[in-house]
Amino acid sequence: RQADLSHAQEEGRPIVNLRRAQWTLAILATLLVISLHFIFLSHAGGLWRDEANTIGVATLPKLGEFLHWLDFDSFPILWLLIIRAWHAIGLGSDLSLRLLGCAVGLGIVAALWLNARAFRFTFPFFSLLLLGFNSSVIRWGDSIRAYGLGMCMAVLCFATIWLVVQQPTRRHVIWATVCAILSVQTLYYNSFLLFAICV
């Protein structure tokens, strides 16, 4: 019996070592992706034209003006309301806005981990490779535009709708509904992604 136990432990050791190596690799990849977002933050500089347009529309003094000029912006209302609230609490400087963009970019990384857990994967290794290390995702996701929040909401829609498929509880349905509404109020073309996810 003791020999069988030691033999099972010897057989299990490579599995434990492989899991440890996988977790180490996933954590290192995540930390590297996070560092890329901070590198972008430190080199992003001032706001460029389209970002300045978003800030200009979001911070119009009167709500009526804001709603009128909303038609001339590229995004639905959610991101502009977030920028408006961010500015209203005194965080309207370029650096403060860049920190908001970086937080959204890091939110994408967190959403990838949540998505992996929803689909019962241990970690989002391939998602980190395909999205996390993608320079376009970092550049546009961390910009003061709605692209990053839209990506984050699309990933969360995928996870929450899958949870509804697996376990259609009231809580899962509410979370999926909230994510779906926020997603289509962040980017117009998220409605097509939402349709594809539901199909």
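Trainee: How many aromatic pairs are there?
Mentor: The count comes to 10 aromatic pairs. Please keep in mind that this is a predicted model.

Trainee: Take Trp 23 and Trp 113. Why is that pair called stacked?
Mentor: The ring centres of Trp 23 and Trp 113 are 6.1 Å apart and the planes meet at 20°, so the pair is stacked. Planes under 30 degrees apart count as stacked.

Trainee: And which helices hold Trp 23 and Trp 113?
Mentor: Trp 23 belongs to helix 1 (residues 2-43) and Trp 113 to helix 5, so the pair ties together parts that are 90 residues apart in sequence.

Trainee: Is Trp 113 buried or exposed?
Mentor: Trp 113 counts as buried, at 19% relative accessibility. The cut-off for buried is under 20% relative accessible area.

Trainee: What about the rings of Phe 125 and Phe 126, how are they arranged?
Mentor: The centres of those two rings lie 5.8 Å apart with the planes at 75°, so Phe 125 and Phe 126 form an edge-to-face pair. Phe 125 is partly exposed, with a relative accessible area of 21%, whereas Phe 126 is exposed, with 63%.

Trainee: Which residues do ring pairs link into a cluster?
Mentor: The cluster consists of Trp 23, Trp 113, Phe 123, Phe 125 and Phe 126, linked by ring pairs.

Trainee: Changing topic to pockets. What is the volume of the largest pocket?
Mentor: The largest pocket has a volume of about 250 Å³. Its lining has 13 residues, and those nearest the centre are Asn 115, Ala 116, Phe 121, Pro 124 and Ser 127.

Trainee: Which helix gives the largest share of that lining, and what classes of residue are in the lining of the largest pocket?
Mentor: Helix 6 gives the largest share, 4 residues. Helix 5, helix 6 and helix 8 each supply at least two residues. By class, the lining of the largest pocket has 11 nonpolar residues, 2 polar and no charged.

Trainee: And the second largest pocket, how much space lies in it?
Mentor: About 170 Å³ of space lies in the second largest pocket. Its lining includes Leu 114, Met 153, Leu 156, Trp 175 and Cys 179. Helix 8 provides the largest share, 5 residues, and the lining divides into 10 nonpolar, 1 polar and no charged residues.

Trainee: Helix 8 again, then. How many residues does helix 8 have, and what distance does it reach?
Mentor: Helix 8 (residues 147-166) has 20 residues and reaches 29 Å from its first C-alpha to its last, close to the 28 Å expected at 1.5 Å a residue.

Trainee: Which residues of helix 8 are buried?
Mentor: Among them are Gly 148, Leu 149, Cys 152, Met 153, Leu 156 and Cys 157. The buried residues of helix 8 pack against helix 4 (77-88), helix 5, helix 7, helix 9 (170-184) and helix 10 (190-198).

Trainee: Last topic, cavities. How many of 30 Å³ or more does the structure hold?
Mentor: The structure holds 1 cavity of 30 Å³ or more. About 30 Å³ of space lies in the largest cavity.

Trainee: What lines the largest cavity?
Mentor: The lining residues are His 37, Gly 105, Ile 108, Val 109, Leu 112, Leu 131, Gly 132, Val 137 and Ile 138. Helix 5 (94-118), helix 6 (125-132) and helix 7 (135-141) are the elements that give two or more residues, with helix 5 giving the largest share, 4 residues. The lining of the largest cavity has 6 nonpolar residues, 3 polar and no charged.

Conventions: Residues are numbered from 1 along each chain as its sequence is written. This is a predicted model: local features need pLDDT of at least 70, side-chain atom pairs count only at pLDDT 80 or more; totals for chains, interfaces and linings use all residues. Side-chain values use heavy atoms; hydrogens and water are left out. On a 1 Å grid over the protein atoms alone, a cavity is a set of points where a 1.4 Å probe fits but cannot get out, and a pocket is an open set with protein on both sides within 12 Å along at least five of seven lines; lining residues have an atom within 4 Å of a point. Grid points are joined across faces, edges and corners, and a volume is the space filled by probe spheres set on the points. Ala, Val, Leu, Ile, Met, Phe, Trp, Tyr, Cys and Pro count as nonpolar, Asp, Glu, Lys and Arg as charged, and the others, Gly among them, as polar. The expected span of a helix is 1.5 Å times one less than its number of residues. Buried means under 20% relative accessible area, exposed over 50%, partly exposed in between (1.4 Å probe, protein chains only). Contact means heavy atoms within 4.5 Å. Rings of Phe, Tyr and Trp (its six-membered ring) pair if their centres lie within 6.5 Å; planes under 30 degrees apart count as stacked, over 60 as edge-to-face and the rest as tilted.
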